[in-house]
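Here's a quick briefing for anyone meeting this structure for the first time. Have a look at the model, then read on.

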Amino acid sequence: MEFLHEKHSRTIFTFLAGWCLFLTLFLIICSGLQADSVKRTALNRELSAASALLEQGVPSEVIATAFHNEAITEEARELMGRIGHTKRAAYHLFPMVRKETVLFRSFLLSVFTGACLVLLYAVSYFLKKREQSYQEAASIVTQYSEGNFDCHLPGNEEGTIYQLYGAVEQLALALQAKSEAEHQSKEFLKDTISDISHQLKTPLAALNMYTEIIMDEPEHPETVRNFAEKTMRSLERMEELIQSLLKVMRLDAGSIVFEKEECRIAELAKKSCQELQERANREKKQILFSGSQDETMVCDPGWTCEAMGNLLKNALDHTEEGGIILVSWYRSPAMLRIMVEDDGSGIAPEDIHHIFKRFYRSKHSSSTQGVGLGLPLAKAVVEGQGGVISVQSTPGKGSTFLLSFLTDL
């Protein structure tokens, strides 16, 4: 009986079973009392008959024999028929029987009425509580449909109805997660559009100005060449910005699947700085490497090079002429660590907790290159592969970015 798993059903069933047991015992007692009543009626009837016979002078031995006699004769039937004492006679013709019957029927009617009232009250109370529970559940489900998930259905009891409540709660959690994901997606799209608009405003304005100058100065080749070069640099900056934005958006949206494979860290480090080596030579800066040439890690080589390249670019942006940038790696019993160190200007204490935010630009780095997407992109790549990125910096002495990855023990 699975319905007994529910508390309320179990309570009403226990009550009804106990009430039925009580009524059964009560009827047994009533039947015993009825038997005693019948016995008293029969005895009184015999006493009346004996009294009448004794008054008529019938010997007591004859009366005693008559009361113990069980045989029925035809003469006796005819006699009883003549005085109206037959099976078809109404019970009210028997005064003693009529009195006992009226009393017993009145008693049983009272007991039956009381029992029915108690049962009706118990069942109505149970149904009322059940109806209240259903109404509360319906109200909570309505709130779920309206996007309000502050209330919860009761789910800490046993029973089929509570299993249903639990299933509805699971559905509500899924709806809540979906609603929050949709809200985050909308906010993400809104912020992204705002960021793109803000970041493209300056280079677009510059392009517009350069184009007007070129159109107004067609007879001055040097001016045209000068502003054409500026136009190309603005276009390159816009391309870099858009590509970085697209990468960050794809990583934030979870649409990037990292294709992991075993790679040599030395090869990753050298590949990540290939496009930056010419700039480092031009700015008279050194990029050095330190670590075992045979050390490997399991990662997506393309995206990992992207992250390390962004850290190297950030180091170049904040290192003066003659500066040194060191890429090192080592393995501990539980971690693989990759460090990108520089001896540049460092990070101000008020900026260190914000450098991984998109488009964040410190007031101390207004003269440096970049749009504020390299570090957020590196962070997203490292964390997307199960790693952790952290930074330590001393203003005026340089910064150290640390990439940490768990290793298989």
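This is a predicted model: local features need pLDDT of at least 70, side-chain atom pairs count only at pLDDT 80 or more; totals for chains, interfaces and linings use all residues.

Residues are numbered from 1 along each chain as its sequence is written, and side-chain values use heavy atoms, with hydrogens and water left out. The protein chain has ten helices and seven strands. Helices (H or I, at least four residues) and strands (E, at least two) are DSSP runs, numbered from the N terminus.

**The chain as a whole**

- Of the 409 residues in the protein chain, 30% are buried. Buried means under 20% relative accessible area, exposed means over 50%, and partly exposed is in between (1.4 Å probe, protein chains only).
- The protein chain exposes about 27,000 Å², and carbon and sulfur atoms supply 58% of that. Accessible areas come from the Shrake-Rupley method with a 1.4 Å probe, and for residues only the protein chains shown count as cover.
- Take the contacts in the protein chain between residues at least 6 apart in sequence: 69% of them join residues at least 24 apart. Contact here means heavy atoms within 4.5 Å.

- Helix α1 covers residues 7–55 and includes I28. I28 counts as exposed because its relative accessibility is 52%.
- Together with L21 and L25, I28 forms a nonpolar patch on the surface, and the three share about 300 Å² of accessible area. Patches are made of residues with over 30% relative accessible area and no salt bridge, with like charges joined within 9 Å and nonpolar side chains (Val, Leu, Ile, Met, Phe, Trp, Tyr) within 5 Å.
- A205 sits in helix α5 (residues 160–216) and is partly exposed, at 46% relative accessibility. A205 and S234 are 29 residues apart in sequence, and their C-alpha atoms are 9.9 Å apart in space.
- T231 belongs to helix α6 (residues 221–253). With 15% relative accessibility, T231 counts as buried.
- Leaving out residues up to four places away in sequence, T231 touches L207, Y210 and I214.

**Helices α8 and α9 side by side**

- Two packed helices are described by the angle between their axes and the distance between the axes.
- For helix α8 (residues 274–282) and helix α9 (residues 301–317), the angle is about 10° and the axes are 10 Å apart. That makes α8 roughly parallel to α9.
- On the α8 side, L276, R279 and A280 make the contact; on the α9 side, G309, L312, K313, L316 and D317 do.
- Axes are lines fitted to C-alpha atoms, for helices over the stretch in contact, and angles run from 0 to 180 degrees between N-to-C directions. Angles under 35 degrees count as roughly parallel, over 145 as roughly antiparallel, 65 to 115 as roughly perpendicular and the rest as oblique.

- K284 is found in the loop between α8 and β2 (286–290). K284 has a positive phi, near 60°, though it is a residue other than glycine.
- K284 is exposed, with a relative accessible area of 57%.

**Salt bridges**

- How many salt bridges does the structure hold? There are eight, a salt bridge being a side-chain nitrogen of Lys or Arg within 4 Å of a carboxyl oxygen of Asp or Glu.
- D294 and R264 meet through their side chains in one of these, at 3.1 Å, N to O. D294 lies in the loop between β2 and β3 (296–299) and R264 in strand β1 (residues 261–264), so the pair ties together parts that are 30 residues apart in sequence.
- D294 is exposed at 59% relative accessibility, whereas R264 is partly exposed at 35%.
- E283 and K285 form another salt bridge, with their closest N and O atoms 2.8 Å apart. E283 is buried at 18% relative accessible area, and K285 is buried at 8%.

**Helix α10**

- Buried residues in helix α10 (residues 374–384) include L375, P376, L377 and A378.
- K379 and E383 join side chains in a salt bridge (2.9 Å, N to O). They are separated by about one helical turn because they are four residues apart in helix α10.
- Just after α10, G386 takes a positive phi of about 85°.
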